[in-house]
Amino acid sequence: MSVKGAYAAKRNGDFFENLINASCIHYSKQGIAYIQKTPEPMRPVRALNRNRGQYMAVYEKKAQPDFTGTLTGGTSVIFEAKHTESPRIEFNRISSQQELDLEAHHKLGAITFVLLSFSAKDFYRVPYSEWISLKESIGKKSLNQTDLETYRLINQGRLIPFLDGLVEE
């Protein structure tokens, strides 16, 4: 990928995360859910600029799912968000640790899913159990948008309706 392409991918990935955060704020204001980005556990190893709070840090453990929260009524919601500029998304983009975490929460009754962005234009919510089923049965290492059509979310401008159909508004 070219430097220009990498910059566009980063920009669109950040845009996707901002859309998710705006959607989480919307759901919170509506009293539907309280969902936050899961911070990655890091340990500072060296101060770069203490006055600005800048440190060099290392990750302490493997990545967890990106977002966790609670819906009205007490049901937990946990999801992993992935963005791609490619026409496909590879299953290995979700780490084994993230799969273990999603599976554990799923077994306990949480709503778990993978939220996908293709070029920050097309969005899909794949229930975690169906993500695993596709991974095991589709016979490919990745999914394309045709494979995901069943899970398409209707883009609503500045919000991604990732809880539509899961809760009443």
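Y27, F67, F79, F113 and F162 form one aromatic cluster in this predicted model. Rings of Phe, Tyr and Trp (its six-membered ring) are taken to pair if their centres lie within 6.5 Å; planes under 30 degrees apart count as stacked, over 60 as edge-to-face and the rest as tilted. Across the whole structure, eight aromatic pairs are found. With ring centres 5.8 Å apart and planes at 15 degrees, F16 and F123 make a stacked pair. Because F16 belongs to helix α1 and F123 to strand β8 (residues 122–127), this contact ties together parts that are 107 residues apart in sequence. Helices (H or I, at least four residues) and strands (E, at least two) are DSSP runs, numbered from the N terminus. F16 counts as buried at 3% relative accessibility, and F123 counts as buried at 2%; buried denotes under 20% relative accessible area, exposed over 50%, and partly exposed in between (1.4 Å probe, protein chains only).

The rings of F91 and W131 have centres 5.0 Å apart and planes at 70 degrees, so this pair is edge-to-face. F91 is in the loop between β6 (88–90) and α2 (96–107), while W131 is in helix α3 (residues 128–137), so the pair links distant parts of the chain, 40 residues apart. Both F91 and W131 are buried. Six strands form an open sheet of mixed pairing, in the order β1-β4-β5-β7-β8-β10, where two strands pair if DSSP finds at least two bridges between them. The edge strands, each pairing on one side only, are β1 (33–37) and β10 (152–153). Strand β7 (residues 111–118) is mostly covered, with eight of its eight residues buried. In a regular strand, side chains alternate between the two faces of the sheet. Both faces of β7 are covered, by way of buried I111, F113, L115 and S117 on one side and buried T112, V114, L116 and F118 on the other.

Strand β7 pairs with β5 in the parallel sense over eight bridges, and L115 in β7 is the bridge partner of A81. Six bridges join β7 to β8, and these two strands run antiparallel; P127 in β8 is the bridge partner of F113. The hairpin of β7 and β8 has three residues between the strands, and S119 there takes a positive phi near 55 degrees. Strands β8 and β10 pair in the antiparallel sense over two bridges, with F123 opposite L153 in β10.

The largest pocket has a volume of about 210 Å³. On a 1 Å grid over the protein atoms alone, a pocket is an open set of points where a 1.4 Å probe fits, with protein on both sides within 12 Å along at least five of seven lines; lining residues have an atom within 4 Å of a point. Grid points are joined across faces, edges and corners, and the volume is the space filled by probe spheres set on the points. The lining comprises 13 residues, of which E17, D66, A81, K82 and H83 lie nearest the pocket centre. Two or more lining residues come from each of α1 (3–29) and β5 (76–84). By class, four lining residues are nonpolar, two polar and seven charged (Ala, Val, Leu, Ile, Met, Phe, Trp, Tyr, Cys and Pro count as nonpolar, Asp, Glu, Lys and Arg as charged, and the others, Gly among them, as polar).

Residues are numbered from 1 along each chain as its sequence is written, and side-chain values use heavy atoms, with hydrogens and water left out. Local features need pLDDT of at least 70 and side-chain atom pairs count only at pLDDT 80 or more, whereas totals for chains, interfaces and linings use all residues.
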